[in-house]
Amino acid sequence: MDTSTPEFTIGIEEEYLLVNRDNLALQNAPPEMWKACEAELEGQVSPEFLKCQIEIGSKVWPGIEEAREDLKRLRGSISKHAAKYNLVPISAGSHPFSDWRDQHHTDKERYNILSSDLALVVQRMLICGMHVHLGISSPDRRIDIMNQLSYFLPHLLALSCSSPFWLGRDTGLDSYRLSVFDTMPRTGVPPNMVSFGEYEKSISDLVEIGIVEDSSKIWWDLRPSARFPTLEARIFDVQPRLEHGLSLAALTQAIARMLWRLSTQNLKWRIYDTFLITENRWRAQRYGINEGLIDFGINKIVPVSNLVEELLELVEQDARHFKSANEIEKIREIVKHGNSADRQREIYKERIFSGDENRQALKAVVEHLIEEFHADL
């Protein structure tokens, strides 16, 4: 394996939903808004599968501080151009009450093919995630870190959950987005791979058979990017608050470096079967940070707060290296005050207790998401 030091540069992609400022329901972006966004953001914005969605991507940065300024600019620009059409962006894993059946997919070759191939499954994709790219030039190193980092995917998901509502009701899950996404093929925790060569062989088999055109249609929670020399973490619900998204991205970067650092001492994180990791993934999806995750080292369910403290201790040196200790410290705030799903439910319950009907309470949740989107700009 390549013994050079990985760069661990960082790039962040976020998906947003556009809502009508008056009724707070989803609304398509007009072509004029797209043109204005594309002109100002120069390749950092693109349409998503549904016309009411928009995706932004940061540039490649060495650390989280530079990424912060880039994402502030991107969020601010989208909000500015949306406002001209009485629209406003929100950044959550799902919209609290709008119906996917009322939405239409973007007329683009890739999305037309997806709609044809995956039918109703892809038409329900009224969900938004955050993707964190970590620059790792060595292909085999990418696979090695992927195998180890998979263990931490449930921890990252639990902290990021922001999709408790679907079609106007509380689903009981903190991340219903994942339930929707998992109906797609080639999703979930990645399999353990021996090498990048094995990964390439698996992809080439599917390409040769004619099932996929390339690896961009492998939608694992963590995957080697199809376009860049990066490892791409895709487990996250997108974050309403920019600062929480930055904290999760910084933590992911620090975990990856910690795992590489172990290898320099001839050590490695234990590789667990995907069956076990998937069980923890379900607990995170269902309960968020509230009911604990399995610590497979001691075979017990442990509070997320305990696991987070252990994790932050493991990456303390790496946080200092990336100068991201302040961002990673804010992970404790999520554990203490709740993830976005907890906050959304609190708003909803307060409004119901005050006498609001269900629809009005859900609209209050959307207003809350609008406020959080703009809080850190």
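Contact here means heavy atoms within 4.5 Å. The structure is a predicted model.

**Stop 1: W166**

Select W166, which sits in strand β6 (residues 165-166). With neighbours within four places in sequence set aside, W166 is in contact with S94, P96, W100, R124, L126, I127, T171, Y176 and V180. Its relative accessibility is 7%, so W166 counts as buried.

**Stop 2: helix α4**

Move to helix α4, residues 139-149. How many of its 11 residues are buried? Nine are, which leaves the helix mostly covered. The buried residues of α4 are R141, R142, I143, D144, I145, M146, N147, Q148 and L149. To see what covers them, show α5 (153-160), α7 (196-209), β10, β11 and α8 (242-264), which are included in the cover.

**Stop 3: α4 against α8**

Two packed helices are described by the angle between their axes and the distance between the axes. Keep α4 and α8 on screen: they pack at an angle of about 110 degrees, and their axes are 10 Å apart. An angle of 65 to 115 degrees counts as roughly perpendicular, so α4 is roughly perpendicular to α8. For the side of α4, select R141, I145, Q148 and L149; these meet T252, I255, A256, L259, W260 and S263 of α8. Coloured by class, the contact of α4 with α8 shows six nonpolar, three polar and one charged residues.

**Stop 4: α8 against α10**

On α8, pick L251, I255, M258 and R261; on α10, the residues they meet are L311, L312 and L314. This contact of α8 with α10 has six nonpolar residues, no polar residues and one charged residue.

**Stop 5: the nonpolar core**

Which residues touch the most other members of the largest nonpolar core? They are I12, M33, I78, I145, L251 and I255, in a core of 118 residues. The element that gives the most to this core is α8, with 13 residues. Centre the view on L251. Apart from neighbours within four places in sequence, L251 is in contact with L156, L159, L311, L312, V315, I328 and I331.

**Stop 6**

Go to the loop between β10 (222-224) and β11 (230-237), where S225 lies. Is S225 buried or exposed? It counts as buried, at 11% relative accessibility. Not counting residues up to four places away in sequence, S225 touches H133, T230 and E232.

Select E232 next. E232 is buried, with a relative accessible area of 3%, and forms a salt bridge with R234 in which the closest N and O atoms are 3.2 Å apart. R234 is buried as well, with a relative accessible area of 9%.

**Stop 7**

The structure holds 29 salt bridges. One of them joins the side chains of R227 and E13, at 4.0 Å from N to O. R227 is in the loop between β10 and β11, whereas E13 is in strand β1 (residues 10-20), and the two are 214 residues apart. Compare the two ends: R227 counts as exposed at 65% relative accessibility, while E13 is buried, with a relative accessible area of 13%.

Another salt bridge pairs D182 with R281, their closest N and O atoms being 2.7 Å apart. D182 lies in the loop between α6 (176-181) and β8 (187-188) and R281 in helix α9 (residues 274-287), so this pair ties together parts that are 99 residues apart in sequence. D182 is partly exposed, at a relative accessible area of 29%. R281 is buried, at 6%.

**Stop 8: a network of charges**

Finish by selecting E65, R68, E243, E327 and K330 together. These residues are linked in a network of salt bridges.

Conventions: Residues numbered from 1 in each chain as written. Predicted model: local features only at pLDDT ≥ 70, side-chain atom pairs only at ≥ 80, totals over all residues. Heavy atoms only, no water. Helix = DSSP H or I, 4+ residues; strand = E, 2+ residues; numbered from the N terminus. Buried < 20%, exposed > 50% of the residue type's maximum accessible area, 1.4 Å probe, protein only. Core = buried A, V, L, I, M, F, W, Y, C linked by side-chain atoms within 4.5 Å. Axes fitted to C-alpha atoms, helices over the stretch in contact; angles between N-to-C directions. Parallel < 35°, antiparallel > 145°, perpendicular 65-115°, else oblique. Nonpolar A, V, L, I, M, F, W, Y, C, P; charged D, E, K, R; others polar.
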